[in-house]
Amino acid sequence: MILTVTANAAIDKRYVVKNFSVDSVNRVSSCAATAGGKGLNVSRVAALAGEQVTATGFLGGHSGAFIQEHIQAEGVESDFVWCRGESRTCINIWDEAKETQTEFLEPGFSVDQEDQRRLLEKFEERIDQCSLAAISGSVPTGADASLYQKMLEIGEAHHKRIILDTSGSLLEQCLPWKPYLIKPNMDEIRLLTGKPLNRREEILEAAEEIRRGGVSVVVISMGGEGSLISSGEGDFQAIVPKINTVNTVGCGDSMIAGFAVGMERGLPLEECIRLASAISAASAMRLETGYFLKEDMESLLPRIQIQKL
């Protein structure tokens, strides 16, 4: 079983408009609401891939009830810590004419020390029932990096691999606690290292430097260009075929889900990379966030090129 953590869950609303304009009325041609937050995208995709998933984190209010109802309907077991306040709503505006995306991300409610203590207890209780955990996204107001650091400590004490997918200072502060796998994009790894990293060799050298600190696998996502992977088994490049991209929101979460699924199944690293790349690309072909069709993934899987560098 895979355990996911979404500390800052949300209702994700996607508005489709034509010629989005600031300071004017915009008519929405279609709207969809889903249980969101990076960890819940991971949960949904891993469940679609056929794995058992338990999702935890913080929820609150009527919005939290909506999130829980939807994630359970998608085959994910829900075991959240309930807090005072309303879970946030995040809005994504897709302009069909301009092919641009605009996002509005609410900050969410504030959690206190008691809320965090309850989540850490639940995490420790659940981690023993799972083979690995994926911690994704930001922390809510009132929490800081110590929340994820303590989860990483629990994972190490229980001999469980932890995937950490966050960014900025939160990621930087957690690296000394040695997550098993991280997935920075190009902007994030440049921020982590303070270097421009324009050549492939420079990127892999930066990833190897991060691994020397105790991270086992560093995946650098490069959007449509695929990804670079640095690991103890060597360096790899994943090249994905050209696809009809419809929605790139949540593709990184889908890649994390693919790695979690591959690790759960005991696949070799190269096959984990192939599966994660195929699931991520398949999710980009769908309007829904954090969703893919099995037939798209199966069609892409043999077309993913994995080069050992």
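Colleague: Hi! Which residues in α6 and α7 meet?
Modeller: Hello! Met186, Ile189, Leu192 and Thr193 in α6 meet Ile203, Ala206, Ala207 and Ile210 in α7. Contact here means heavy atoms within 4.5 Å. Please keep in mind that this is a predicted model, where local features need pLDDT of at least 70, side-chain atom pairs count only at pLDDT 80 or more, and totals for chains, interfaces and linings use all residues. Residues are numbered from 1 along each chain as its sequence is written, and side-chain values use heavy atoms, with hydrogens and water left out.

Colleague: Is the α6 and α7 crossing left-handed or right-handed?
Modeller: α6 passes α7 in a left-handed crossing. A crossing is left-handed if the near helix is turned anticlockwise from the far one by less than a right angle, and right-handed if clockwise.

Colleague: Next pair! At what angle do α3 and α4 cross?
Modeller: Roughly 25°, with the axes of α3 (residues 113-127) and α4 (residues 145-157) coming within 10 Å. That makes α3 roughly parallel to α4, and their crossing is right-handed.

Colleague: Which residues meet there, in α3 and α4?
Modeller: Gln116, Leu119, Leu120, Phe123, Glu124 and Ile127 in α3 meet Leu147, Lys150, Met151, Ile154 and Gly155 in α4. By class, this contact of α3 with α4 has seven nonpolar, two polar and two charged residues.

Colleague: What about α1 and α8, how do their axes cross?
Modeller: The axes of α1 (residues 38-48) and α8 come within 8 Å and cross at roughly 50°. That makes α1 oblique to α8, and the crossing is right-handed. Val42 and Val45 are among the α1 residues in this contact, and Ile256 and Ala257 among those of α8.

Colleague: Changing topic: how much space lies in the second largest pocket?
Modeller: About 160 Å³. It has 16 lining residues, and the closest to its centre are Arg161, Tyr180, Val217, Glu233 and Leu269. α8 (251-264) and α9 (269-284) are the elements that give two or more residues to this lining, and α8 gives the most, with three.

Colleague: How many cavities of 30 Å³ or more are there?
Modeller: The count comes to one. On a 1 Å grid over the protein atoms alone, a cavity is a set of points where a 1.4 Å probe fits but cannot get out, whereas a pocket is an open set with protein on both sides within 12 Å along at least five of seven lines; lining residues have an atom within 4 Å of a point. Grid points are joined across faces, edges and corners, and a volume is the space filled by probe spheres set on the points.

Colleague: Which residues line the largest cavity?
Modeller: Ala7, Asn8, Ala9, Phe58, Ser87, Arg88, Gly108, Phe109 and Pro140. About 40 Å³ of space lies in this largest cavity, and its lining has five nonpolar, three polar and one charged residue.

Note on methods
Helices (H or I, at least four residues) and strands (E, at least two) are DSSP runs, numbered from the N terminus. Ala, Val, Leu, Ile, Met, Phe, Trp, Tyr, Cys and Pro count as nonpolar, Asp, Glu, Lys and Arg as charged, and the others, Gly among them, as polar. Axes are lines fitted to C-alpha atoms, for helices over the stretch in contact, and angles run from 0 to 180 degrees between N-to-C directions. Angles under 35 degrees count as roughly parallel, over 145 as roughly antiparallel, 65 to 115 as roughly perpendicular and the rest as oblique.
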